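Work through the exercises below with the sequence and the model side by side. Try each task before reading its solution.

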Amino acid sequence: MTPTPLGKDLLGLEELSADQIRLVLDTAEAFKEVSERPIKKVPALRGKTIVNLFFEASTRTRISFEFAEKRLSADTVNVATQGSSVAKGETLVDTARNLEAMRIDMVVIRHPASGAAKFLGERIRSNVINAGDGKHEHPTQGLLDLLTLRDRFGRIEGLKVAICGDVLHSRVARSNIWGLTKLGAEVAVCGPASLLPTGLDRLGVRVIRRIDEALQWADAVNILRLQLERMEGGFVPSLREYNRIFGVTRERLARAGREVVVMHPGPMNRGVEIDSDVADGPASVILPQVTNGVAVRMAVLYLLAGGSPDWATHPAEDR
Amino acid sequence: MPTLSRIADERAVARALARMASEVVERCQGVEGLILVGIQRRGVELAERLAVLIEKSEGRQVPLGKLDITLYRDDLQSVGHRPIIGETSLPRTLDGQTVVIVDDVLYSGRTIRAALDELADFGRPSRILLCVLVDRGGRELPIQADVIGLRVATDRDDRVDVRVVERDGEDAVDVVRRG
Amino acid sequence: MTALLISGGRVIDPTRGTDGPADVLVDEGRIVAVGHNIPLGPGVARLDASGRVVAPGLVDLHVHFREPGQEHLETIASGATAAAAGGFTAVCAMPNTDPVVDNQAAVGFVVRQAIRAGKARVYPIGCISLGQKGQQLAEFGEMVAAGAVAVSDDTRPVVSSQLMRTALEYAQTFGIPVTDHCEDPSLAQGGVMHEGLVATRLGLKGIPAAAEEVVVARNIVLARLTGGHLHVCHVSTAGAVELIRRAKDLGVRVTAEATPHHLALTDLACEGYQTSAKVRPPLRSAEDRAAIVAGLVDGTIDCIATDHSPQHYDAKEREFDEAAAGVVGLETALPVALAELVKPGHLSLLGLIDRMSTAPARLYGLSGGSLAVGAPADIVIFDPNAAWRPQASDLHSKSANSPFLGREFVGRVDQTLVGGRVVFDRSVKNIDG
């Protein structure tokens, strides 16, 4: 097996080196152009079969992956929990074995359990791409956030990025922390202490208690979605109070006294963690994030496909 | 021991390019509707040189394009060695135009096959020509160049290196023979 | 039953504080002589123990045999066989079977199955509450009469402070300890591993050390109030060790156990979502692990108990969140303890045998733990220098969910005697009762 530049699977940014992350970003750069072509399709993954295995509802990520796959000419099958054998109690290991038996080339998996992508990757020969596993990682989101920041600032190194909100339950936050710190950015988290996980300081992440301080400090903020379940879980008292204490509003942003770039992984709760005039304002790069999502996913698919163990080696020189 | 022999120096390359530029214009009967598309990497620089030469003789600017055919290769496994994809940028429309593909070396023909596929996804030129600095033989596909700067007979194990001043600090064509 | 002379071994007896070469003569199920150069009398069989350690059989206050209800994981017979293979001559079986052991008849069933198996002695532990529901006290008196040696709702922490108080009071009538899986369910809810940096990185919900300490503290307060004997199951945190240490200083009747896996491993063992390291309470930090070692050394933690918890391989072949918790421990406890406590010099071999045999037998008032003349001949003979790597196929348990498989250990049990009868002999393929 010839190892691909990323290894067999993309499970998280924790496992990637800074060089590997830069390779994905540079490759994604080339794929941005493909999406601007009259025919938004290249044959790079022609004949490859990809299963999008979504055990959790997701519109944005699934569509983004599907576009990426189709623009690379792969054949794709979507499996969602509803109506599949998964709903009938089939275990993940059985699902994995069945997929393997169907000789697919790649699996994109979204699963509510942390470690599910790794679990699958260890049990099948196909490449596995983690599209979000529990509270662990969402590497393609982390990569697209990096690409968006690099587009805007021309660099990642030395940037100050604050990740704001429900860091405890956020796989996006974890992938961002790994990606940003590996590329030399300074990272802070900001949110109610009840929604910040323990031990982050040992990863070199600074903890900021108040959102105003975070906006003062940061070049860019990544505002996480506050899920309504968190209220029921007793982590925060109400959405109203959350917005008043931690919401990113135009007034707060203005008080920073300089432009602070605003990111959000979506879907947004307007009026909770982010106000509409911030989301739609000049400092927002939320839509470029979405555009970059397709390019980054194309890059990941392409780089992982480059080293499938089934392919024989050919002479490199053949013009 | 590999041996290196220089088959064209700076002046020889300049002469070949001048001849190629006039041949392109001749074959196209002028520069009307002409587009030069260089293939990444060194085809891009060669296309730029040809455009300058054509502009000198014809007094008109020729539109230039760049094409990276990596995503159209039929051997994706080799991305392991060269994963970075170069820029692709083409003029707004290719429909009805005469596209001249410019590349440094023509060998198996697979790159050109990929380039033809890729161009077809950008539009429908009325005519496509192929212009290469070096034809080293050894075709694996029924593809031939229309305009050729130099011909050189090579073995399978040989390597042909085209060097351009923009990238390599000098213009030259070398053949590296193995053993 | 023929008499047996165990000759030439290194004989360790914590009850007398002795450790040295001696012969041990066993007859009629009891130890009849310990001394030098005991002659081999007529009709006496000889067991050459030279180069090996002869000690009172190990005693485990905390095992889960899955009978009745989940006999595919473990039966009382397979569990008792695994115990004997690990050098244990007596084990206490937790009552969380299906149905639970919360009445006289169920206790009697465990006793009878254990006798039929004829391997290690199996002492039942009865439930604190009927159905382990945490509401109404089970009939301690009837259960003790049938053979129960303690009460516990293990795996289900006693939530109600009132129930815990009552249990500690009522148990005194029968002189039995109340043993609790100390964990605050609201703090632990949804947690699958230790709350710390590893859990943060893996994105797994953590169980804070405080979940254990809050309940240990409450139970200590209640033990002090009632004068009852509180036994703390599987201590896992430094804070809990400190609470128990201070309670003992104050004269509270509290005793405690720690498992071999909490001695040997930390939450780092969960890296890569290793479900073999998923246990309850979870593997904790390095500081916690060090505190447990220190607690065992200074006697704050009285003994080692395995919390032997058989699980099917399917139940571990899952996402970490979904995987079953627990490890089997009977057949690796001694080598793990030797590696973690004796080899680094924390405990002498005599001290270890105390923590694994004499102390636990004393806590629950069980037979064993002594090689004194007249004591029941519950004896383990092990080679302290034999190197081996436990494999699933080596285990006599029906389950092989262990994080220690494949690791090299030194020290392996050769023979185990219960009541003078050899119930395990490594040199013999199979010994049937």
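Helices and strands here are DSSP runs, helices of at least four residues and strands of at least two, numbered from the N terminus. The model is predicted.

**Exercise 1. Locate Ser73(A) among the elements of chain A, and state what its phi shows.**

Step 1. Find the elements on either side. Ser73(A) sits in the loop between α2 and β2 (75-80) of chain A.
Step 2. Read the backbone. Phi of Ser73(A) is near 70 degrees, which is a positive value in a residue other than glycine.

**Exercise 2. Describe the open sheet of 5 strands in chain B.**

Step 1. Write the order. The strands run β3-β2-β4-β5-β6, and their pairing is parallel.
Step 2. Name the edges. β3 (64-67) and β6 (147-151) of chain B each pair on one side only.
Step 3. Inspect one pair. Strands β4 (residues 98-106) and β5 (residues 127-135) of chain B share 8 bridges in the parallel sense. Leu106(B) is opposite Asp135(B) of β5(B).
Step 4. α2(B) lies across β2, β3, β4 and β5 of chain B, at about 150 degrees to β2(B).

**Exercise 3. Trace the open sheet of 8 strands in chain C, and explain why one side of β6 and of β15 has no neighbour.**

Step 1. Write the order. It is β6-β7-β8-β9-β10-β13-β14-β15, with parallel pairing.
Step 2. Go to the edges. β6 (58-63) and β15 (303-304) of chain C each have a single partner strand, so one side of each is left without a neighbour in the sheet.
Step 3. Follow β6(C) to its partner. β6(C) pairs with strand β7 (residues 88-93) of chain C over 4 bridges, in the parallel sense. Leu58(C) faces Phe88(C) in β7(C).
Step 4. Helix α13 lies across β6, β7, β8 (121-126), β9 (150-152), β10, β13, β14 (254-258) and β15 of chain C. It runs at about 65 degrees to β6(C).

**Exercise 4. Characterise the contact between chain C and chain A.**

Step 1. Count residues. Chain C gives 15 residues and chain A gives 25 residues.
Step 2. Take the area. About 1600 Å² is buried between chain C and chain A, and carbon and sulfur atoms give 56% of that.
Step 3. Look for charge pairs. There are 2 salt bridges between chain C and chain A. One of them joins Arg123(A) to Glu317(C), with the closest N and O atoms 2.8 Å apart.
Step 4. Chain C and chain A have 7 residue pairs in polar contact.
Step 5. Sort the chain C side. The residues that touch chain A are 4 nonpolar, 4 polar and 7 charged.

**Exercise 5. Which chains have the most contacts, and which do not touch?**

Step 1. Of the 2 pairs of chains that touch, chains A and B have the most contacts.
Step 2. Check the remaining pair. Chain B and chain C do not touch, and their nearest C-alpha atoms are 27 Å apart.

**Exercise 6. Explain what the salt bridge between Glu56(A) and Arg171(A) ties together.**

Step 1. Start from the total. All chains together hold 55 salt bridges.
Step 2. Pick the pair. The closest N and O atoms of Glu56(A) and Arg171(A) are 2.9 Å apart. The cut-off for a salt bridge is 4 Å.
Step 3. Glu56(A) lies in the loop between β1 (49-54) and α2 (60-71) of chain A and Arg171(A) in helix α6 (residues 171-182) of chain A, so the pair ties together parts 115 residues apart in sequence.

Terms used: Residues are numbered from 1 along each chain as its sequence is written. Chains are lettered from A and ligands numbered from 1 in the order in which they are written. This is a predicted model: local features need pLDDT of at least 70, side-chain atom pairs count only at pLDDT 80 or more; totals for chains, interfaces and linings use all residues. Side-chain values use heavy atoms; hydrogens and water are left out. Two strands pair if DSSP finds at least two bridges between them. Contact means heavy atoms within 4.5 Å. Axes are lines fitted to C-alpha atoms, for helices over the stretch in contact, and angles run from 0 to 180 degrees between N-to-C directions. Buried area is the accessible area (1.4 Å probe) that two parts lose on being put together, summed over both. A salt bridge is a side-chain nitrogen of Lys or Arg within 4 Å of a carboxyl oxygen of Asp or Glu. A polar contact is a pair of N or O atoms within 3.5 Å; within protein, one must be able to donate a hydrogen and the other to accept it, and residues adjacent in sequence count only if both atoms are side-chain atoms. Ala, Val, Leu, Ile, Met, Phe, Trp, Tyr, Cys and Pro count as nonpolar, Asp, Glu, Lys and Arg as charged, and the others, Gly among them, as polar.
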